[in-house]
Amino acid sequence: MKDIKIELKLDKLESLEYYAKLLNKDINTMLDEALERYFVEEQEKLIAKEQNATNLDYDEFWGGFDLED
């Protein structure tokens, strides 16, 4: 794996610390859970976008074409 540099804004770091104490959770676990949810949501968006682009009915596909000329 390439060297990865991760930078978080101060307010995000403070929130991580706050919620880690509040929930009695490890920050790495919280980040892992958050990223997993993010990846699932983004995958769902990509699938929906792909389905919308490819699931045209007959009229949607041929709309605007004049086949009689």
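This is a predicted model: local features need pLDDT of at least 70, side-chain atom pairs count only at pLDDT 80 or more; totals for chains, interfaces and linings use all residues.
Is Glu7 buried or exposed? At 61% relative accessibility, Glu7 counts as exposed. Good morning.

Let me begin with the charged side chains. Side chains of opposite charge can pair when their charged atoms come close. In this structure there are 4 salt bridges, and I shall describe three of them in turn.

Glu7 takes part in one of these, its partner being Lys5, with 3.1 Å from N to O. Lys5 is likewise exposed, because its relative accessible area of 69% lies over the 50% limit.

Another salt bridge joins Lys25 to Glu33, and here the closest N and O atoms are 2.8 Å apart. Lys25 is partly exposed, with a relative accessible area of 33%. Glu33 also counts as partly exposed, at 30%.

I turn next to Glu42 and Lys45, whose closest N and O atoms are 3.2 Å apart in a salt bridge. Both residues belong to helix α2, where they are 3 residues apart, about one turn of the helix.

Let me move to the aromatic rings. A pair of aromatic rings is described by the distance of the centres and the angle of the planes. A search of the whole structure finds 2 aromatic pairs. In the pair of Tyr18 and Tyr19, the ring centres are 5.1 Å apart and the planes stand at 85°; an angle over 60 degrees counts as edge-to-face, so this pair is classed that way. Tyr19 is partly exposed, at 41% relative accessibility.

Tyr38 and Phe39 form an aromatic pair as well, with 5.8 Å centre to centre and 65° between the planes, and this pair is edge-to-face. Tyr38 is partly exposed, with a relative accessible area of 45%. For Phe39 the corresponding value is 48%, and this residue too is partly exposed.

Which residues make the nonpolar surface patch of about 590 Å²? The contributors are Ile4, Ile6, Leu8, Leu10, Leu13 and Leu31. Leu31 lies in helix α2, which covers residues 27-54. Leu31 has a relative accessible area of 32% and is partly exposed.

Thank you for your attention.

Note on methods:
Residues are numbered from 1 along each chain as its sequence is written. Side-chain values use heavy atoms; hydrogens and water are left out. Patches are made of residues with over 30% relative accessible area and no salt bridge: like charges are joined within 9 Å, nonpolar side chains (Val, Leu, Ile, Met, Phe, Trp, Tyr) within 5 Å. Accessible areas come from the Shrake-Rupley method with a 1.4 Å probe; for residues, only the protein chains shown count as cover. A salt bridge is a side-chain nitrogen of Lys or Arg within 4 Å of a carboxyl oxygen of Asp or Glu. Helices (H or I, at least four residues) and strands (E, at least two) are DSSP runs, numbered from the N terminus. Buried means under 20% relative accessible area, exposed over 50%, partly exposed in between (1.4 Å probe, protein chains only). Rings of Phe, Tyr and Trp (its six-membered ring) pair if their centres lie within 6.5 Å; planes under 30 degrees apart count as stacked, over 60 as edge-to-face and the rest as tilted.
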